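The sequence and structure are shown first.

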Amino acid sequence: MDTARTACDPISGIPNILSIAGSDPSGGAGIQADIKSISATGGYAMAVVTALTAQNTRGVTAVHTPPTDFLRQQLDAIAEDVRIDAVKIGMLGSAAVARCVGAWLDHARPPVVVLDPVMVATSGARLLDDDAVRAVVDLARRASLVTPNIAELAVLVGADPAASWSAALEQGRVLAVRLGTRVLVKGGHLPGERCPDALIPAPQDATGGPDTVVLDGCRVPTENTHGTGCSLSSAIATRFAVTGDWPTAVREAKSWLEGALQGADLLDVGAGSGPVHHFHAGPDPRAHQRFTELAWRDIGELRRNLLELPFLTALMEGDLPATDFAYYLQQDALYLRDYSAVLARAAAMAPAEDEQLFWLSAATSCLQTEAELHRTWLSGKTGIRAGEGDAGPVTRAYCDHLRAVAGRGSYAELVAAVLPCFWLYAAVGDHVQERVQERVQERPQGRPGGHGPSGPHPYAAWIATYADPGFAEATARAKQIADGAHRRASPVERTAMLAAFRWSAAYERDFFDAPRARAAARRAPADLREGAVLA
Ligand SMILES: Nc1ncnc2c1ncn2[C@@H]1O[C@H](COP(=O)(O)OP(=O)(O)O)[C@@H](O)[C@H]1O
Ligand SMILES: Cc1ncc(COP(=O)(O)O)c(N)n1
């Protein structure tokens, strides 16, 4: 089953996640935990019950397993009607149940399967027959990701439980090879201050593919860890259906679970090992707001500063020094090359084909614009002369920021980071066009020492490039994509989106101010001068 990026419903952006697991009537583990986790991390939860346990926070007193025919009927009822974006499998109980679920997977072929090979409850009760391990291994071969705890990992590789993190990693590698699929090794049951997990790639991915990704975490000091494995695997299935990337999905799910563990002691459920607080983040009011509205409001003052920059005023008046204009264009050409690479990364991370195509086409346009800048404005023919030069401090910082988000951020965060270059540039274009028009009407005779409608505006040709309808269209689409990504994002990711947008917006403003800052630095003592750029 696989890795292929999942196609979430492009309208709602909410993936349909099916949990196939046992019932825990105390609500901390099993399907009850799964439904809460899926809902809290942005999915629509469905559940098919494999077994009913009589259970509370202190232990399991009985298990009732309905006939497998009925299990199959539940599974078929869902598959015949609902698009399933990912499946999470938990308690199976018996070999017959494991085989029934395996046969259904072969028939229904859901795109993603996360298997938590539940064997023993946190309370110590057995939740899988001894003779069922073989059937669970067969099922695990059909999974996209298997998430055993330390004890389950040992059973699956036929060894003693690992006593150290390095021994656990080794067993995880053995299991990944044996099953031919990815394995998440979980450090929850090892002693120590840290609580790391590690995503071990499937053997076929490992050749030239990603290496093991270790996700470190703090151990939350709580006894209330009932259902952590169930909650984590459901959250990973959901976040993968949304993001299409395993390391991102595990990172997001783990960070959400850490919050749920931190909030666990706020609940008062039972006398044993209690549940985690699935809804610790509370309902996120931003889920109902458009990212573009939030973000535009957030940078209100910055936008005003930007439009009042001396660079833009001088550009509109026509008295911008040619050297400043040349520096701006030359930095723009350098920026566009990096920006194009970052847009190509957004294309690679995009969850759906139309978004992939959009970013690819934007990346191509950037390279074409860069080539055009060199062919025209920077060719020397226009009287604007610029040498090859290095990226200045603002260009460098802006590109570093974008590359950092592209390297370690989620798709949503990256979309937010690249948006200001579309949107603020378009806003600057509208502003400049509008003001130049106004000036033409105010001063039909022109003014002494300046340009007028009768005299040529030295930057008229450049200002005309702002009116490109294709760019306005692309800006509208980039905003729409950002709103969609925000709708699907977790609360943590929404905060990261806004931060990434804010940084890019600030760099965008500084970019228009860089020629002035550079000219001022050139007048200052030599050691403050930026490395010589212009010819
Ligand atoms: N006290 C804790 N603090 C932080 N994370 C924890 C804690 N206990 C477990 N986890 C995390 O919870 C997840 C489930 O791990 P684990 O307890 O090992 O599995 P299971 O619940 O299947 O026994 C893992 O991501 C693990 O790192
Ligand atoms: C029905 C059911 N399924 C799974 C578990 C495992 O729970 P844990 O995540 O605490 O190991 C459980 N106790 N009950």
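## Surroundings of ligand 2

In this predicted model, 15 residues surround ligand 2, and the closest are Gln55, Ala121, Thr122, Gly227 and Gly229. By class, the shell around ligand 2 comprises 6 nonpolar and 9 polar residues, with no charged residue.

## Polar contacts and burial

Glutamine 55 places a polar side-chain atom 2.8 Å from a nitrogen atom of ligand 2.

Ligand 2 taken alone exposes 370 Å², of which the protein buries 95%. Two or more residues of the shell around ligand 2 come from each of β1 (16-23) and α8 (228-243). The most is given by α8, with 3 residues.

## The sheet

The model contains an open sheet of 9 strands with mixed pairing, in the order β3-β2-β1-β4-β5-β6-β7-β8-β9. Its edge strands, β3 (59-64) and β9 (213-215), each pair on one side only.

Strand β1, which also contributes to the shell around ligand 2, runs parallel to β2 (residues 44-56) and is joined to β2 by 7 bridges. Within this pair, isoleucine 17 stands opposite alanine 45 of β2.

## A helix across the strands

Helix α1 (residues 30-40) lies across β1, β2 and β4 (86-89). The direction of α1 is at about 160° to β1.

Notes
Residues are numbered from 1 along each chain as its sequence is written. Chains are lettered from A and ligands numbered from 1 in the order in which they are written. This is a predicted model: local features need pLDDT of at least 70, side-chain atom pairs count only at pLDDT 80 or more; totals for chains, interfaces and linings use all residues. Side-chain values use heavy atoms; hydrogens and water are left out. A residue is near a molecule or strand if one of its heavy atoms lies within 4 Å of it. A polar contact is a pair of N or O atoms within 3.5 Å; within protein, one must be able to donate a hydrogen and the other to accept it, and residues adjacent in sequence count only if both atoms are side-chain atoms. Accessible areas come from the Shrake-Rupley method with a 1.4 Å probe; for residues, only the protein chains shown count as cover. Helices (H or I, at least four residues) and strands (E, at least two) are DSSP runs, numbered from the N terminus. Ala, Val, Leu, Ile, Met, Phe, Trp, Tyr, Cys and Pro count as nonpolar, Asp, Glu, Lys and Arg as charged, and the others, Gly among them, as polar. Two strands pair if DSSP finds at least two bridges between them. Contact means heavy atoms within 4.5 Å. Axes are lines fitted to C-alpha atoms, for helices over the stretch in contact, and angles run from 0 to 180 degrees between N-to-C directions.
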